[in-house]
Amino acid sequence: MSHPLNDKKTINAWAFYDWANSVFPLVITAAIFPPFYESMTERISGSDLVEFLGFPIKNTVLYSYAFSFSFLLIAFLSPFLSGIADYKGNKKSFMRFFVIVGAISCMLLFFFDGSNLLLGLAAIIAGNIGFNGSLVFYNAYLPEIATLDQRDRVSAKGFSIGYIGGFVLLVINLLIILNAKKLGFKNDILPYQFSFLSVGIWWILFSQYSFMHLPKRTRNMPLQADILLKGFKELRKVFFFIISNKHIRPFLIAFFLYSMGVQTVLYMASLYGAKVVNVSTENLIISILLIQLVATAGAQLFAFLSSLIGNIRSLMISLFIWILVCIIAFMITTTASLVGLVMGGIQSLSRSTYAKMIPENHIDTASFFSFYEFTEKLAIVLGIASYGFVEALSGNMRNSALLLSVFFFSGMIGLFFVKIDHTYKTKKVAL
């Protein structure tokens, strides 16, 4: 059953899931957990070397490898799940499952104190799988709820609301950390552990509004024994469409190249700040709060810019600024505003540009977006793994930072080969 496009309540409910889930990448993977992990493991081992499966390894290198592994799992798992979801038309059920997995994993981090390394790594891996698994089905709703000319605006609205939601919870957690003794916390670890618990509660609580109003199943296919085969056939159909499409294929290649840089910055910047720049956890959180505020405006700015000069040119401008950020080597205290500006813009525009390329009235949107997510996750795996490998090889994270500028430059070159057919254009938004 079709759902009316551009329905205000549906769009608000869709965008509100960004409010619910954005606390995970902000609080867990960007602001608090990475420096907490680095500090706790160093406190237990007495150095930055930890023992994992009987082998000594740098704590930050192990973190980057574990994080890469979680992205590798979701990259290969989500296409099959999305094929099944498209066949049965039950994106919401899959999305809800991954939300539960992710939220519970966040709550488990409450028990991590550095001595239980496997618990911490397992929880962060499962949490990341839950977050990114839910995004496959969440993003797939975009072309189903908004017309082509509205997708830049709707995508930007989701990211902006998400940045604000993450900002609110991070401020709350920062105030708790700074006033831990006044609030009666018995030790200096508990406030951080409480922040991980708060993410899980926030995520699972606020996502319920989205689940109440997002469209229900679009097909009523019975459950069959060969459901995996049906899902694979759905996936294969979309795959052959993508590789033969002269618009989507080059865009995904360019997206892959620059995502290796963008996502590595987002996930590794706080470890860089703690280990190389020696920024305290509190100052790191304040810097990331600044990034969130600017990113909210950045998402809207680049949505407006795309209406003037088109999506591809806007993405190129964003990538050029990313290269500048890399050149000044992630000096967080001076580049936070630049990172925030292009972080909001490039994430929002990438999603909406791809959504515009999906054929109108195509019901296999989860399968289409699973390839988008697969491309991004594979880029993250290679980006973060190469970041950790360069640090392990050279012994210095600064060399890893320089590597990222190559990814951004390659992505910008790749966008020169992306041509948009006139059939994708509308009077309101020019691609």
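The model is predicted: local features need pLDDT of at least 70, side-chain atom pairs count only at pLDDT 80 or more, and totals for chains, interfaces and linings use all residues. Residues are numbered from 1 along each chain as its sequence is written, and side-chain values use heavy atoms, with hydrogens and water left out. The count comes to three salt bridges (a side-chain nitrogen of Lys or Arg within 4 Å of a carboxyl oxygen of Asp or Glu). Strands E1 and E2 run antiparallel.

**Terms for location and exposure**

- Helices (H or I, at least four residues) and strands (E, at least two) are DSSP runs, numbered from the N terminus.
- Buried means under 20% relative accessible area, exposed means over 50%, and partly exposed lies in between (1.4 Å probe, protein chains only).

**Arg351 and Asp18**

- Arg351 and Asp18 form a salt bridge through their side chains, at 3.8 Å from N to O.
- Arg351 sits in helix H14 (residues 332-357) and Asp18 in helix H1 (residues 8-21), so the pair ties together parts that are 333 residues apart in sequence.
- Arg351 is buried, at 3% relative accessibility.
- Asp18 is also buried, with a relative accessible area of 4%.

**Arg43 and Asp188**

- A salt bridge joins Arg43 to Asp188, with the closest N and O atoms 3.4 Å apart.
- Arg43 is in helix H3 (residues 33-45), while Asp188 is in the loop between helix H8 (151-178) and helix H9 (190-213), so this pair ties together parts 145 residues apart in sequence.
- Arg43 is partly exposed, at 47% relative accessibility.
- Asp188 is partly exposed too, at 49% relative accessibility.

**Glu144 and Lys91**

- Glu144 and Lys91 make a salt bridge whose closest N and O atoms are 2.7 Å apart.
- This pair links distant parts of the chain: Glu144 belongs to helix H7 (residues 142-145) and Lys91 to helix H5 (residues 91-108), 53 residues apart.
- Glu144 is buried, with a relative accessible area of 16%.
- Lys91 counts as buried at 3% relative accessibility.

**Strands E1 and E2**

- Strand E1 (residues 49-52) and strand E2 (residues 55-58) are joined by four bridges.
- Two strands pair if DSSP finds at least two bridges between them.
- Glu51 has Pro56 in E2 as its bridge partner.
- The hairpin of E1 and E2 has two residues between the strands.
- In this hairpin, Leu53 takes a positive phi near 55°.
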